[in-house]
Amino acid sequence: MAEHSSITLVLLVAFAQAGFVSSRPENLYRHIWSRCDPLDREITGCTRYEPMTCAHRESPGPADADVEIHLAGLPESNQSNPVYLHFWAPRKYSQYKPLESPVGCVVYRDMLEAHPKYWDSDFNGGNVKVSGSGKAVIRVRAPSTYFVWRYIAIPQIRLRLCHPGVRLHYKPPDATIYFGVNGTWVTSDSKAHSIQVSTAAPYADRQVKHLDEEPQGPKPVARVVGVFPITATTIKPLSDREALINASRDALSLAALEYSPIYSCFVLGLFYDHFSDEECVAHCPENSEPAHGQCSRIASEATNASISAVWKLEVACGLRDGCLPDSNRTLHMARLAVASHLAIPFQEVQVGISFTESSSRRLLDITNIYFKATANTRRMKQAHGERLLDMLIADVEFARDLLDVDIRRIEILGAIPTGQQRIMEMNELNDPYSPAYQELRPIPKEKSSDKIFGIFTPGLLFGISGG
């Protein structure tokens, strides 16, 4: 697989000052991969009341696909445990060559406008059963891309594994296929790290649509018209028609924002309600108060309580990705989980992970890692907060979902043992995703006149983008 260096994407920006704040359709249908939260209902549509199965709407992808990808290293299907691979990508708007470069790829205002509903004729995805040898073939049209706050997502295909008993609520994709410059690569979580792209090529049996057919859905706001390699020492002035996109494997993961329930509400222009099943609300309910766009416990105490808890986690780490292949995403999602458990703004939460790296060369090594959660808040008394926080990690399955690693055993401790070699902490000062929430959080309309479409201010430069 080829190395992927940073590239500059020159964008021909064609913003229209009106017409982009579209009304959102009714939530009538269900997502084919069974996840159904407020943002999911906006992207592809779903309802909580219709039963679904992993095999629902089985399809290898659209008949007029541009790209066919052969995947290997997937969990193997068998008669008692069939495994399905759900995949989806942004809609196609214009023709370009995603296997060569992003030139020609269009950029949508946000992920809601980029993704068609699964019943739309331009739905760009499908659902295939994985073979007994762990292989699958998928097909997609050349995907467009979209802004995530000031970032531009790398053109991509999301992958989700589905088998009996899987828990999908709020679960980010198991893996993502990215289209870089002259190559594709897969980024995946620890439980699906063996997924590989065997081959990626133009789809030979593509059925061509009529040339007079107009693309459906919202119109894009920008188009990639050039790709220029840059180096770490190159300083290139940018205008309001240009943006940087980091197309390297270590680019900042945007899935942490795209699959954040709080950010999901902010994209819709709504508050996130820590107390409601609906989660996204226009107004905070009684006995709560809005704080950083989140309906939270009322700050009723005179002074801050510093609440903390520590867990020892026995983890199976592989040499390929280490214990935490995406520490930014892991720590950020952990902050959200702690905040949700305590019903406080995540801005009042700090999390940390520490461990000593093993010198073993085995393919799978058992390591002890220590997870610490801390909240500094005026929203509860010290004793009550400590009892509540101690109940955060109830079982191994929750711990696996929380940190996205293969956890075998958990134990609550009073403190982290000394001598840990690696210590990673995240709070409001160093969380790379916090500025996105700060700018998109719901505020009174009379105070938001400096934003275009609720996404970014006209005077601000398009930022570094990642996958």
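For the classification of lining residues, Ala, Val, Leu, Ile, Met, Phe, Trp, Tyr, Cys and Pro count as nonpolar, Asp, Glu, Lys and Arg as charged, and the others, Gly among them, as polar. The structure is a predicted model in which local features need pLDDT of at least 70 and side-chain atom pairs count only at pLDDT 80 or more, while totals for chains, interfaces and linings use all residues. Residues are numbered from 1 along each chain as its sequence is written, and side-chain values use heavy atoms, with hydrogens and water left out.

Cavities were located on a 1 Å grid over the protein atoms alone, a cavity being a set of points where a 1.4 Å probe fits but cannot get out; lining residues have an atom within 4 Å of a point. Grid points are joined across faces, edges and corners, and a volume is the space filled by probe spheres set on the points. Two cavities of 30 Å³ or more are present in the structure. The second largest cavity holds about 30 Å³ of space, and its lining consists of K312, L313, E314, N368, R409, I410 and E411. The elements that contribute two or more residues to this lining are β19 and β22 (406-413); helices (H or I, at least four residues) and strands (E, at least two) are DSSP runs, numbered from the N terminus. By class, the lining of the second largest cavity comprises two nonpolar, one polar and four charged residues.

Side chains of opposite charge can pair when their charged atoms come close. K381 is exposed, at 55% relative accessibility, where buried means under 20% relative accessible area, exposed over 50%, and partly exposed in between (1.4 Å probe, protein chains only).

In the salt bridge between R335 and D431, the closest N and O atoms are 2.7 Å apart. R335 lies in helix α5 (residues 327-342) and D431 in the loop between β23 (422-426) and α8 (434-440), so parts that are 96 residues apart in sequence are tied together by the pair. R335 is buried, with a relative accessible area of 0%, and D431 is buried at 4%. Elsewhere, a network of salt bridges links R109, D110 and E113.

The expected span of a helix is 1.5 Å times one less than its number of residues. For the 16 residues of α5 this gives 22 Å, in agreement with the 22 Å between its end C-alpha atoms. Buried residues of α5 include R329, H332, R335 and L342. The helix is followed by A343, which has a positive phi near 60°. A343 is found in the loop between α5 and β20 (349-355) and is buried, with a relative accessible area of 6%.

Two strands pair if DSSP finds at least two bridges between them. Strands β4 (residues 106-108) and β7 (residues 145-148) run parallel and are joined by two bridges, V107 having T145 as its bridge partner in β7. Two bridges also join β7 to strand β8 (residues 151-152), in the antiparallel sense, with Y151 as the partner of V148. β7 and β8 form a hairpin with two residues between them, and W149 in the turn has a positive phi of about 55°.

A further four strands form an open sheet of mixed pairing, in the order β16-β15-β18-β17. β16 (280-281) and β17 (289-291) stand at the edges, each with a single partner strand, so one side of each is left without a neighbour in the sheet. Strand β15 (residues 271-273) pairs with β18 in the parallel sense over two bridges, and C295 in β18 is the bridge partner of D273. N287, in the loop between β16 and β17, has a positive phi of about 65° although it is not a glycine, and is exposed, with a relative accessible area of 69%.

Key. Salt bridge = Lys/Arg side-chain N within 4 Å of Asp/Glu carboxyl O. 1 Å grid on protein atoms, 1.4 Å probe; cavity = no way out; pocket = protein on both sides within 12 Å on 5 of 7 lines; lining within 4 Å.
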